[in-house]
Amino acid sequence: MREFNYTRNDVDYYLEARHKIKRQLNIYLRDKLSSIDDNKTSNNTFTNANENNLVNKLSDYDFEKDSYALKCIEKFEEQLVDVRDRKILKFKYTYNLTIDEVAEEVCYHTRTVERRIQSFKDKLYNIMNDKDLRERA
């Protein structure tokens, strides 16, 4: 496995754009594995030309780095035991709610939600840069 160095800004990026990245990786993998010409890509449900051009620029290194980051996020979500923590993560990064809206949904004070989100980012940063996990992945 290659050596990836993630920054704290990368953690924010991967949390916020996780679903878009998943879609890009699926398109990249499909295009990489298919030996048929580009007609297959244009006939599928992903007909956005700009999106396909963006995905074609992905390299194998970017694919590995992004897929590893998504695996780390999934591992982190599985480790969350508290239902409120799962909801905070879901509301903030899946539904793109503001801190105030998330706090209202989970019945916490806004500062508590901000601290929880910051601790999630710190833990995820440690998981993504942990060399032992990289060797197992």
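## A tour of an all-helix model

The protein has nine helices and zero strands (helices are DSSP runs of H or I with at least four residues, strands are runs of E with at least two, and both are numbered from the N terminus). What you have open is a predicted model, where local features need pLDDT of at least 70 and side-chain atom pairs count only at pLDDT 80 or more, while totals for chains, interfaces and linings use all residues. Residues are numbered from 1 along each chain as its sequence is written, and side-chain values use heavy atoms, leaving out hydrogens and water.

**Whole chain.** Start with everything selected. Of the 137 residues in the protein, 36% are buried (under 20% relative accessible area, with exposed over 50% and partly exposed in between, using a 1.4 Å probe on protein chains only).

**Helix H2.** Now pick residues 18-33. With 16 residues at 1.5 Å a residue, H2 should span 22 Å, and its end C-alpha atoms are 22 Å apart, so the two agree (the expected span is 1.5 Å times one less than the number of residues). Colour Arg18, Ile21, Gln24, Leu25, Ile27 and Tyr28: these are the buried residues of H2.

**The core.** Next, select Tyr6, Tyr14, Phe76, Ile88, Val113, Leu124 and Met128, which have the most contacts inside the largest nonpolar core, a set of 32 residues (buried Ala, Val, Leu, Ile, Met, Phe, Trp, Tyr and Cys residues joined through side-chain atoms within 4.5 Å). Helices supplying at least two residues each include H1 (8-16), H2, H6 (83-93) and H8 (110-128). H5 gives the most, with seven residues.

**Phe120.** Jump to Phe120 in helix H8. Is Phe120 buried or exposed? At 3% relative accessibility, it counts as buried. Not counting residues up to four places away in sequence, Phe120 touches Phe76, Leu80, Asp85, Ile88 and Leu89 (contact means heavy atoms within 4.5 Å). Then click Phe76: leaving aside neighbours within four places in sequence, its contacts are Leu89, Phe120, Lys123, Leu124 and Ile127.

**H1 against H8.** On the H1 side, look for Arg8, Val11, Asp12, Tyr14 and Leu15, which meet Lys121, Asp122, Leu124, Tyr125 and Met128 in H8.
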